[in-house]
Structure formats: structure tokens, C-alpha cells
Amino acid sequence: MTASGRTLAQLFSNKRIVICLGPGGVGKTTSAAAIAYAEASLSKRACVVTIDPARRLASALGLADLGNQATLVTKVGHGELWATMLDAHATFDDMVRKYATSTEQVDRILGNRLYQNLTTSLSGTQEYMAMERLYELYEDDRFDIIVVDTPPSISALDFLDAPKRLGSFLDNRIFKLLIKPPPTYLKPLSVATRALLKTISKVVGAEVVDDAIQFFESFAGIEDGFRERANEVERLLGSEETGIVVITSPRPQPMSEASGLASRLRTANRQVNAIVVNRITPDFGVPPAQTDSDVDPVIKNWLALAAQRVADLKISSDLATDGQPILFIDEILGEVSDMGGIEAIAKVVATVEMDLAGA
Ligand SMILES: Nc1ncnc2c1ncn2[C@@H]1O[C@H](COP(=O)(O)OP(=O)(O)O)[C@@H](O)[C@H]1O
Ligand SMILES: [Mg+2]
């Protein structure tokens, strides 16, 4: 392997958005915070945003209650590290307030029971709202760069595809039928729709259907704002302004999840800019000379760890299918779930040159 000549922090320093994707439990949240910290060390005003329901970021940053508002965590030289956690419900409410045409419409929507349910249970809401929030942060001139932590790989693609899916949801005929009262010449259709709704109400209850109709009606006029936003985010995620990093650990299960994710990204024409392999077996140096190494359990263990490190470094080259640079981060011994752990990893992100596999 050869050095790429650049650190991960340098690679992303001209990006406005960095998206961290990868399997759960590999250190994604920690790495996202560390990348933001490293960008801050390059004098950027960096904001890390997490949609991790485990609230790992909040505790790692020593912020008990990381809310939907961005909070300044610390200054790093001339740079700043900010953090925020996605509150899908609050973001949805804000969005309704922003795009609604009147205060009555705001009240109607926010007070609707179905709305209250949808914002917490509808699949995809998290991703839609993450995308909305991302755009808000992108437009917020307090920040130069936004680093986004994501949930495990299953929904990682959903996250990137959210703008497109929201668009097609809005284009859905049923949705259109429900929000736009059909013109009189389409009455038969309306009758058909009503018949359909009658059938549905037998199953789910008339109350639910009333709520649904009221819900969709109350959204009239808002969808244009939603759609416009979806288009902007779609453009942004596909542009040079956005960087994508796949994070994994060298263990077999995350490695296979990460390579599955990488190949799905490739199929979807999403360019992965860098790979991070976190929690590599650390380098303990050369064991002291020992003639009967095969009988000394300490030396045996030492050699096994050295072999494991070599294996860890090797396995990762499979991930860099498009020749992306790789950053290896050693397993940190001791307590890492605090600011000290993030700082230690940030130092690697800011100072260690990435490797080029196969070169
Ligand atoms: N390089 C590392 N060395 C040691 N422990 C780490 C390292 N990176 C992350 N961890 C620990 O691994 C656990 C999972 O990290 P987290 O960032 O929450 O992962 P994810 O967001 O991918 O689920 C945490 O306890 C974290 O402190
Ligand atoms: Mg996480």
C-alpha cells in the first residue's frame, strides 16, 4: 500500500457536507464527531448531526440533551465544533410552519391525530426529516461543513434516496386525488374514490379515514414546498459539495455489510470518496527476543495480535473497489466514549495520510 498524500480531513476540507455510512456498532457516530472535530482543527466551523436514536453522540460529546438546535461544543483553534441531533417530530412541525399558507392551516395540520401519528411512525419520516434538517444546516451560515452520522446500513441508502422517494410519493395518484378536490367532470372518479374509502373505513374505522382525508386536505399547497426542497437536496447530495465516507470495522460481519453497502452505492451511482476502517488491532511493536516463544503465552498472544493487525489491514483493500483512499484507525485501549476518545480519533483523521490499496 502507498500513501495517498492526503489526510481524511484534507480530502473533505472543500466539501460542504460529509455523509458517514456503514454498519452499526463500528464507530460511525464516534467517527462522524471526530471528522467534524478534525475539520474544526483546520479552522472550519463544523457541525456534526446525528440521527442515531441511541443518543451515543450526545453522551460522547458530554451533552446530556443534544436537541434539534445546534450547540457549540468547543472551539478548536480558529475552528468550531458544533453538534445537533435530529428530532424528526420537531423538524416536521417546523416544516409545516414554514410551508403552510396560513396559521389556520398550521393549526389544522399540527392538531390532526393522523399527523401526530405519522410524524413518529411513518416509515421514511426520519430520512425525510434528516434531509430537510440537513438542508437547513447547509443554508445556515454559522457552518462551513456539516458531517452527518446515519443509522445502520439498511437505511443508509434510504437516507440518500429520501428526496427521490418523497418526490414520487407526492406524485402518487392517490395522494394527488386526496389532496386536490377533483374537478366536477371527474365526479365518477371521486365516487370511485369514495367507494374505496368506504371499504377502507370498514377495515380501519371511519374515524381513521376521516382523519386521513382531513390530513391530506390540510396539506394542500404545502406539497410544492416539500417537493422543491426534495429536489434541492437530491441535487446537493449528488453534487461535488457532498462527500461520502463508508465506515466499517475489520471484523467479518461488518466487513461483509460494508461491502454490500459499497456495491449498492456503486449500482446507485453514488460515489464513495473514502473508506474508514476503525478499530484495527493496535500495533504493540516487536516482542522482546525469546527463544521459546511457542511456550510463553504472553509472547504467543503478542505474535497473534501482530498477525491479526496484518490481517486487519489486508482485508480492507476489498472495500476500495474504485481505488478510494483508506484510513485505518486503531482500536483505542481504555475508555473512548467521551470527548477524549473523539479527540484521539480526530487526530488520526487530521494528521494521518490515507493509504491507497493495491497501489
Ligand atoms: N477506535 C475505537 N477504539 C475503541 N473503541 C471505539 C473506537 N471507535 C468507537 N469505539 C467504541 O465503539 C462503540 C460504538 O461506537 P459508535 O460510534 O456508537 O458506533 P456506531 O455509531 O457505528 O454504532 C462505542 O462504545 C465507542 O466508544
Ligand atoms: Mg451510531
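Strands here are DSSP runs of E with at least two residues, helices are runs of H or I with at least four, and both are numbered from the N terminus.

A quick word on the model: it is predicted, local features need pLDDT of at least 70, side-chain atom pairs count only at pLDDT 80 or more, and totals for chains, interfaces and linings use all residues. Residues are numbered from 1 along each chain as its sequence is written, with chains lettered from A and ligands numbered from 1 in the order in which they are written.

Back to β3. Arg45, Cys47 and Val49 point one way, while Ala46, Val48 and Thr50 point the other, and all are buried. What does β3 pair with, if pairing takes at least two DSSP bridges between two strands? One partner is β5 (residues 79-85), parallel to β3 over 6 bridges, where Val49 is bridged to Thr84. Another is β6 (residues 145-149), also parallel, with 4 bridges to β3; there Ala46 has Ile145 as its bridge partner.

Now the core. In soluble globular proteins, nonpolar side chains tend to be buried together. Here, the largest nonpolar core has 86 residues, and Ala36, Cys47, Val147 and Val349 have the most contacts inside it. Such a core is a set of buried Ala, Val, Leu, Ile, Met, Phe, Trp, Tyr and Cys residues joined through C-beta atoms within 7 Å. Helix α2 gives the most to this core, 8 residues. Take Val147: beyond its neighbours within four places in sequence, its contacts are Val18, Cys20, Ala32, Ile35, Ala36, Ala46 and Val48, a contact being two C-beta atoms, placed from the backbone, within 7 Å.

On to ligand 1. Which residues come nearest? Of the 18 around it, they are Gly27, Lys28, Thr29, Thr30 and Ile332, where being near takes a C-beta atom, placed from the backbone, within 6 Å. Two or more residues of the shell come from each of α2 (28-41), β8 (274-280) and α15 (339-351), and α2 has the largest share, 3 residues.

Finally, the whole chain: 15 helices and 10 strands, with 38% of its 359 residues buried. Thanks, everyone!

Technical notes:
A residue is buried if 20 or more other C-beta atoms lie within 10 Å of its own, exposed if 12 or fewer, and partly exposed in between; C-beta atoms are placed from the backbone. Two strands pair if DSSP finds at least two bridges between them.
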